[in-house]
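Subject: Structure handover

Hello,

Here is the structure you will be working with. Please open it next to this email and follow along.

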Amino acid sequence: MHVTEVKTFLISPESHRAGMTGGKNWLYVKVETDEGVVGWGEAYTQLDRDRNIERQVHDLARYLVGRDPGEIKDFTRMVYDDFAGRRGAMDIYSALSAIEQALWDIVGKKLRVPVYQLLGGACRKEICVYANGWYG
């Protein structure tokens, strides 16, 4: 299996479109493979950095297309050591995080196991969550 394409989806939440201030956009990353298995990830964004983070995803995609999506650690090492020159910042780490999530999603789907099983198993029965980016 090999990565064929990386797509980004920059989405403005309804509160942001309605003219409310303080919200931020969401950036989702979709990684596609030649076997039809697709993985999804989400990048942390800030209102004034979302386009920069999206650009970083596209820059990293050039190095990901053609690679085996299961070689996650090799890809992240390349990004840290070679691409970012060990001088990363929020933009590159956010972009890499979204891509890495998508790669783990692909591996989990290929093996037919939840990602948490790949990462060592469940550590809690439930977790607290919150909605981020909703203001007004």
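Below is what was found in it, starting with the whole chain and ending with single residues.

Please keep in mind that this is a predicted model.

**The whole chain**

The protein chain has five helices and three strands. Start at the N terminus and read along: the order is β-α-β-β-α-α-α-α. The chain has 136 residues, and 38% of them are buried. It exposes about 8,300 Å². Carbon and sulfur atoms supply 50% of that area.

**The strands**

Begin with strand β2, residues 26–33. Seven of its eight residues are buried, so β2 is largely enclosed by the rest of the structure.

β2 pairs with strand β1, which covers residues 3–11. The two run antiparallel, and eight bridges join them. Look for Glu5: it stands opposite Glu32 in β2.

β2 also pairs with strand β3, residues 38–43. This pairing is antiparallel too, over six bridges. Here Tyr28 has Glu42 in β3 as its bridge partner.

β2 and β3 form a hairpin with four residues between the strands. Find Gly36 in that hairpin: its phi is positive, near 85°.

**Asp91**

Next, go to helix α4, which spans residues 90–111. Asp91 sits in this helix. Is Asp91 buried or exposed? Its relative accessibility is 12%. The cut-off for buried is under 20%, so Asp91 counts as buried.

Which side chain does the side chain of Asp91 meet in a polar contact of 3.0 Å? The partner is Arg49. Set aside the neighbours within four places in sequence, and Asp91 is in contact with Arg49, Asn52, Ile53 and Gln56. Arg49 therefore turns up both in this contact list and in the polar contact, at a residue that counts as buried.

**The cysteines**

How many disulfides does the structure hold? The number is zero. Two cysteines to look up are Cys123 and Cys128. Cys123 has a relative accessible area of 66%, so it is exposed. Cys128 is at 80% relative accessibility and counts as exposed as well. The cut-off used for exposed is over 50%.

Best wishes

Terms used: Residues are numbered from 1 along each chain as its sequence is written. This is a predicted model: local features need pLDDT of at least 70, side-chain atom pairs count only at pLDDT 80 or more; totals for chains, interfaces and linings use all residues. Side-chain values use heavy atoms; hydrogens and water are left out. Buried means under 20% relative accessible area, exposed over 50%, partly exposed in between (1.4 Å probe, protein chains only). A polar contact is a pair of N or O atoms within 3.5 Å; within protein, one must be able to donate a hydrogen and the other to accept it, and residues adjacent in sequence count only if both atoms are side-chain atoms. Contact means heavy atoms within 4.5 Å. A disulfide is a pair of cysteine sulfur atoms within 2.5 Å. Accessible areas come from the Shrake-Rupley method with a 1.4 Å probe; for residues, only the protein chains shown count as cover. Two strands pair if DSSP finds at least two bridges between them.
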